[in-house]
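My entries follow the structure shown here.

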Amino acid sequence: MGCCCSFPSGDDEREPLLQSNSKTQTESGRPSSPAANEIQSARSRPAANDAVKKTDRFEARRVGVSDLDERFSDVAETFNKQHEDYETMKNKLQTVANRYKCPTNDSLSQCLKKIKEEHENCHISLEVKGYDFTLMVRSEAKIPNDLKRTQENITELSKAAKAVISVATKLQEMIDWLLKAEDTMTKQVEAAESSHQEQKRLVDNLKENLREARRAKESSPKYRKEAGNLLNEAAVLSGITP
């Protein structure tokens with residue numbers, strides 16, 4: 001009998017340099033009590049995951065010095081992309097976990113176990129090559145559509161984890177340069193504008209950018225660690241010692 005192998009297919013006041021693309025969803029018809037108003041205020045923002053993404057985005061503010069504006073913009077763009085990849089990684093794993101009713105939604109090991117139990121007539125394994133891992137399926141029968149979707153989700157999960165790790169070192173270096181140059185940058189921003197009011201506004205923007213840079217410096221290693229743990233888990237599941 002033949003063997004069929006399936007592989008996944010592959011404010012004018014702040015003047016943000018980067019604009020968020022997040023869409024806001026609102027709800028209407030809520031009671032007007034203080035508690036209800038608080039709930040309404042929260043619900044007028046994007047849905048849970050989108051709200052987190054929007055909050056975690058680095059919104060770079062214009063500081064009036066082209067070189068510094070470019071540097072902050074680059075850091076913001078790099079961090080935001082890493083954060084998006086991190087969210088994709090989390091969401092794809094949760095999607096698979098929900099599909100197979102896994103007790104824990106962040107365990108690749110439990111997901112693989114449940115997948116094998118659900119599709120016991122298929123030969124299922126996890127294959128790792130470098131930083132990429134793939135769900136392999138070999139079956140003499142037609143492969144179920146939900147299993148094909150799972151293969152695609154695992155491939156997307158792998159790509160997202162790899163992307164999170166790939167920019168981590170570069171991003172930390174970019175952030176460290178900015179944080180070490182705070183005094184020099186402040187003098188540059190003050191010298192670039194003669195108006196005291198405008199000076200103050202731009203320096204405030206600089207301080208806000210640096211606060212965001214520090215937040216990114218704290219968050220990015222956490223993303224990298226989770227992605228690294230996932231890759232190590234995949235390696236163990238494939239029979240490779242990380």
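The model is predicted, with pLDDT of at least 70 needed for local features and 80 or more for side-chain atom pairs, while totals for chains, interfaces and linings use all residues. Residues are numbered from 1 along each chain as its sequence is written, and side-chain values use heavy atoms, without hydrogens and water.

I placed Ser 107 in the loop between α3 (66-99) and α4 (108-118); helices are DSSP runs (H or I, at least four residues) numbered from the N terminus. Because its relative accessible area is 13%, Ser 107 is buried (under 20%, 1.4 Å probe, protein chains only). Beyond its neighbours within four places in sequence, Ser 107 is in contact with Leu 93 and Glu 233 (heavy atoms within 4.5 Å).

I next turned to α4 and α8, whose axes are 9 Å apart at an angle of about 40°. Axes are lines fitted to C-alpha atoms over the stretch in contact, with angles from 0 to 180 degrees between N-to-C directions. Leu 108, Ser 109 and Leu 112 of α4 meet Leu 230, Glu 233, Ala 234 and Leu 237 of α8.

Lastly, I noted that the axes of α3 and α8 (residues 196-237) come within 10 Å and cross at roughly 35°.

Conventions:
Helices (H or I, at least four residues) and strands (E, at least two) are DSSP runs, numbered from the N terminus. Buried means under 20% relative accessible area, exposed over 50%, partly exposed in between (1.4 Å probe, protein chains only).
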